[in-house]
Every structure is written in structure tokens, then in C-alpha cells.
Amino acid sequence: MHEPFEPGRDFAVALDREDPLRRFRNEFHIPKRTPPSPQPSPPVGGRGQGRRGDDGEEEIYFAGNSLGLLPKRTQRYVDAELEKWGRLAVKAHFSGENPWMPYHEFLAEPMARIVGASPTEVVTMNSLTVNLHLMMASFYRPTRERHRILLEERAFPSDDYALESEARLHGFDPAEALLRVRPADVAQVLEREGGSIALVLLPGIQYYSGLAFDLEAITAMAHGQGCVAGFDLAHAAGNLVLRLHDWNVDFAVWCTYKYLNSGPGSVGGCFVHERHGRRPDLPRLAGWWGLDKASRFRMEPGFRPIPGAEGWQLSNPPILSLAAIRASLDVFMEAGGMEPLREKSLRLTGYLEWLLQREVGDAIEILTPADPRQRGCQLSLRVKSSGSGRSVFEKLEASGVTCDWREPDVIRVAPVPLYNRFEDVYRFVEILQKAL
Ligand SMILES: Cc1ncc(COP(=O)(O)O)c(C=O)c1O
């Protein structure tokens, strides 16, 4: 059979040479391996000077599913806002380049392209879990007959807690109201229990296994049963090609610190389908930033929401965080959006899978589905020899690989097409082989 890849470092180097996106690695600060020093300097120094380990060897950074790397231009974008604050102070809301008052609007177009939406369907605000609650206020409208929430059995804990608390808030017992199902059983459970389910809330990609859910099919099934379909896209935004509008998704929430490279705890994203955005009568938790723009500074009672996702905003947003998101989204747009990135990602992760199977297939099990349509860039690995996973992970870290460990026994590795190389994948498998 024809093999899609070849062994050996030269092949990886050749793939990098032919990679049309290779220049984007240079858009990022790649952490360096440095011997621990008694007084470590901060990761980002003033005015672009003194970055950590400028002269060390670059790490193999496969943790973009946890915290994406810092784009070099981010400092310039954030500095520009600090400079305006110093020079214009409060006047910067309305004057100067990129005034703060409409600043979140500058992010709408590129963010919409990331998730396959129109600009009025997305807004950048709050953080993921906060946005999930805001969406539930509007879209979890349980009745006695239809009040259950379908989620996956290994939902990210924050989602699980949020959904439990929402069920309780509406007077239901979470033990009965929350239907935690295995990914493979979603269709069957929807078919059987659909009449009692108010909301289906699933991830785009399962954080632990790396499994990608079929959002289009799930949305259609949920709607067929009269349920609302909402998604947590923390691991899917900036990783998969998404078409939230066309798939008719009701709402979605995501963070920007993973694949969207916008910094620790940066502001999250939220999608509301336009058919809901057009409905000012939808119940919601309101704040002044969601108010019809012409009326915002009249300071009068009477909330009339901005049409579209913006109408769910509560507060004026943190501009420094939005500046970092803008910088990162500009990199994505220069790379041509999600399609070319996904194309490279399929190849990069495909190469990782192929090399793993060839070189260490006896010693590790890949938990992530083998079908590339059912995964993003991440592969979740389990070391077969029981109890040794943690020590293998520690050896990887000591050898300059940054990936992550998830209890009880999984090593997650995520080669990211914007900044990872085929050579990183090659070196990773070489190091893993030694560690095993
Ligand atoms: C899948 C998933 N959902 C939710 C969250 C929580 O995000 P936040 O802390 O921004 O609310 C995370 C955080 O890593 C996550 O990975």
C-alpha cells in the first residue's frame, strides 16, 4: 500500500520547506529551553526587550490546546491602547485611531470568519463560563415536561457545574435533569428522550479525548426533537472549520486563550444565530452595553437590546484584552482563515499519528479517533504499560516538550498549524521513543 509519509528527519524538513504557511511560525514567540536561573525574567519584557531565554533552544510546544503562543505583534497592539490611555485618557473612547467605544466591533468580522457566522451573530465578551450562563438565561427555558439538559458524560467540569446550577436555579433536581451521555449514544438518547430535553449542550471537541462532534448533525437531530442546540467551542474555535450559521446552531461560546492565541484569561466569544438575534422579546440578563447604541448615553430606564449577538453584552469590555484578540485574529486572517490552516492541520496531525504508530505503536494507544473528520489537531495518548504515563510525561517535559497531562492517564499533544512544524512532530516522536 502507498504510504502517505516517509520516516526520517529529511522528510519532515522537506514538508516544512513546502509548507505554504511556514512563515507564520515567525509571527510567534516560541518559548526557549533555558536552564533554570535564580531570578527568572518575566515572559515579556518592556519594549520588546529581554524575553525569556532569547539564546536557548526552542521548545517543542504542543500545548496550544491549553494556552496558545504569544503573537509577536500583540505587544504592539496592546501598547497602542496603553499609549492612547496615557495621551487621550477618557477621550480615547471616541477619538484617535480605533476608538474604544466601538472597539469590540473591529473584532466582529474576523471572529465571524473563524466560526462561520455573520458579524452580527458574534460578539467578544466576558469569559466562556459567564457566556454559557448568559446564553442559558435566554435559551434554557424549561417547562415541567421539557426541562432536561443533554450533555456528555465527561463534560468539561466548568460546563457540568454551570448546567447543574442552572437546573437547580429553575427548581429541578440535577440528578434527574442532567442527562450525561457517551458521545456514541447522543443520537439514540435524543431519539428516545427528546420530548423531555430542553437543551443539548455539547462541546465542539471533547477536551480529554480530542473527539470532534458532528455539530451539524447534532443540531439537526436536536431541532427535530424540539430542543435547543448550544455548543462549547473552547477546543474547536481556531482549530476546525466551523459553519455555525449554516448549521443552524442556536448559540455557542468559546474562549480565545487556546487556539486563538489571545493570552491567559482573555475575553471569550459568543455566537447567537440571527433568527434569535432579531428577537428583542427574548428573555435575557441585560446590561447597558447591550442597549440599543443610540440610547446608551441617555441614561434612561427601559432596555431595548441591540439586534444581534451584541444585544447580550453587559459591560464595557476590557480593551487591553480585545487588543490582544485583534492582533491574533489579524494573524489568522493573513493566513487565509481556517480553511488553509485546517488543511495543514490535517497533514500535521496525520503525520504525528503515522509516526507514532510506526515508531511507538506497541507502547502507546491513541484515544483520539483515527478518522480525521472526527478530530482537530490534538491527539490524546495513553501509555499502555500501566502506571507509567506520568513518568513518561515528566521525561518529555525534561527533554523540552511542552504538552499536557490530564488525570487519570492521558498525555495530550496538539501540533498547531500556525506555529508548529513537521520537524517538531518528528523530534517529538524521537523524544517520546526514548522516554518510553
Ligand atoms: C472545554 C472547556 N470548557 C470550558 C472552559 C472554561 O473556560 P473559562 O475559564 O474561560 O470559563 C474550558 C477551559 O479550559 C474548557 O477547556
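Q: Where in the chain does Pro408 lie?
A: This is a predicted model. Strand S14 covers 404–406, and strand S15 covers 410–413. Pro408 lies in the loop between S14 and S15.

Q: Is the peptide bond from Glu407 to Pro408 cis or trans?
A: Most peptide bonds are trans. Here omega is near 5°. The bond from Glu407 to Pro408 is cis.

Q: How many helices and strands are in the chain?
A: Both kinds of element are present. The chain holds 13 helices and 15 strands.

Q: Why is the chain said to be as compact as a globular protein of its length?
A: The chain has 436 residues, and for that number the globule rule gives 22 Å. The radius of gyration of the chain is close to that value, so the chain is as compact as a globular protein of that length. Its radius of gyration is 23 Å.

Q: What does the C-alpha trace span along its principal axes?
A: There is one span for each principal axis. Together they come to about 65 × 60 × 40 Å.

Q: What percentage of the 436 residues is buried?
A: A residue counts as buried under 20% relative accessible area. In this chain, buried residues make up 56%.

Q: Among contacts with a separation of 6 or more, what share comes from residues 24 or more positions apart?
A: Take the contacts in the chain with a separation of 6 or more. Residues 24 or more positions apart account for a share of 71%.

Q: How far does H2 reach from its first C-alpha to its last?
A: H2 has 15 residues. At 1.5 Å a residue, 21 Å is expected. The reach in the model is close to that, at 21 Å.

Q: Which residue follows H2, and what is its phi?
A: Most residues other than glycine have a negative phi. Ala89 follows H2 and lies in the loop between H2 and helix H3 (108–115). At 36% relative accessibility, Ala89 counts as partly exposed. The phi of Ala89 is positive, near 50°.

Q: What is the phi of Asn248?
A: Asn248 lies in the loop between strand S8 (228–232) and strand S9 (251–254). Asn248 is partly exposed, with a relative accessible area of 32%. Its phi is positive, in a residue other than glycine. The value is near 70°.

Q: Is Glu310 buried or exposed?
A: Glu310 sits in the loop between helix H9 (274–277) and H10. Neighbours within four places in sequence aside, Glu310 is in contact with His104, Glu105, Val123, Trp289, Gly290 and Lys293. The cut-off for buried is under 20% relative accessible area. At 16% relative accessibility, Glu310 counts as buried.

Q: How far apart in space are Thr34 and Glu58, C-alpha to C-alpha?
A: Thr34 is in the loop between strand S1 (32–33) and strand S2 (57–58). Thr34 is partly exposed, with a relative accessible area of 35%. In sequence, Thr34 and Glu58 are 24 residues apart. In space, they are 9.1 Å apart.

Q: Which helix gives the most to the lining of the second largest pocket?
A: About 520 Å³ of space lies in the second largest pocket. The elements that give two or more residues to its lining are helix H7 (186–193) and helix H8 (215–224). The most, five residues, comes from H8.

Q: How do the lining residues of the second largest pocket divide into nonpolar, polar and charged?
A: The lining has 22 residues. Ala212, Phe213, Asp214, Leu215 and Arg373 lie nearest the centre of the pocket. The lining divides into 15 nonpolar, two polar and five charged.

Definitions and conventions. Residues numbered from 1 in each chain as written. Predicted model: local features only at pLDDT ≥ 70, side-chain atom pairs only at ≥ 80, totals over all residues. Heavy atoms only, no water. 1 Å grid on protein atoms, 1.4 Å probe; cavity = no way out; pocket = protein on both sides within 12 Å on 5 of 7 lines; lining within 4 Å. Points joined across faces, edges and corners; volume = space filled by probe spheres on them. Helix = DSSP H or I, 4+ residues; strand = E, 2+ residues; numbered from the N terminus. Nonpolar A, V, L, I, M, F, W, Y, C, P; charged D, E, K, R; others polar. Expected span 1.5 Å × (residues − 1). Rg over C-alpha atoms; globule rule 2.2 N^0.38 Å. Buried < 20%, exposed > 50% of the residue type's maximum accessible area, 1.4 Å probe, protein only. Contact = heavy atoms within 4.5 Å.
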